[in-house]
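Dear colleague,

Please find below the structure that I am handing over to you. My notes on what was found in it follow.

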Amino acid sequence: MMTREQAQEIWDYIKPIKVAMVTSHDHGQLRARPMRHEQEDFDGVLWFFTSKASDKVAELAEDARVCATYADTSSGTYVSLSGAVRFTDDSALIDKFWNAEAAAWFPDGKDDPNVALMGIYVEQAEVWDSKSNAW
């Protein structure tokens, strides 16, 4: 479990990057997809909109472990976050995170029965920052 200070430090790195490559296990193979986090703060859980009908939901039902990586090559910042996924269709959370980018993926709106949130409950984090780390 990370402390509030550690979560804030991680958030300071990844908030401006927005899009992570989320890697999951697909029948013994690794598979990565770009996904955009939705929240405005970070408490140890990363939230992403997804469709309940997507392949990743079935993959993650078999193995919920994932790795989300963020890269900002202009600043030399790289972050790797590992943890387990849980899905929810909690309408209050969907309302909280709903935005124009999510609406583009779900033209029927936030009440589409396939709308879900994928939460990555972060268990491990690593940061490489060219300003503070030697290459």
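**Findings**

W98 is partly exposed, with a relative accessible area of 22%; the class lies between buried (under 20%) and exposed (over 50%), using a 1.4 Å probe and protein chains only. Please note that this is a predicted model, in which local features need pLDDT of at least 70 and side-chain atom pairs count only at pLDDT 80 or more, while totals for chains, interfaces and linings use all residues. Residues are numbered from 1 along each chain as its sequence is written, and side-chain values use heavy atoms, leaving out hydrogens and water.

The chain contains four helices and six strands, taken as DSSP runs (helices: H or I, at least four residues; strands: E, at least two) and numbered from the N terminus. Their order from the N terminus is α-β-β-β-α-β-β-α-α-β. Of its 135 residues, 38% count as buried. The C-alpha trace spans about 50 × 35 × 30 Å along its principal axes.

Five aromatic pairs are present; rings of Phe, Tyr and Trp (its six-membered ring) pair if their centres lie within 6.5 Å, and planes under 30 degrees apart count as stacked, over 60 as edge-to-face and the rest as tilted. The ring centres of F49 and W98 are 5.4 Å apart and the planes stand at 85°, so this pair is edge-to-face. Because F49 belongs to strand β3 (residues 45–51) and W98 to the loop between α3 (91–97) and α4 (100–105), the pair ties together parts 49 residues apart in sequence. F49 counts as buried, at 10% relative accessibility.

Ring pairs also link W47, F97 and Y121 into a cluster. R86 lies over the face of Y121, 4.1 Å from the ring centre (the criterion is NZ of Lys or CZ of Arg within 6 Å of the ring centre and within 35 degrees of the ring normal).

The structure also holds ten salt bridges, each a side-chain nitrogen of Lys or Arg within 4 Å of a carboxyl oxygen of Asp or Glu. R31, partly exposed at 30% relative accessible area, forms a salt bridge with D26, with the closest N and O atoms 3.8 Å apart. R31 also meets D55 in a salt bridge, at 3.9 Å from N to O. This second pair links distant parts of the chain, since R31 is in strand β2 (residues 29–36) and D55 in helix α2 (residues 55–62), 24 residues apart. D55 is exposed, at 52% relative accessibility. A network of salt bridges links D26, R31, R33, D55 and E59. Elsewhere, D63 and R65 form a salt bridge at 2.7 Å from N to O.

With kind regards
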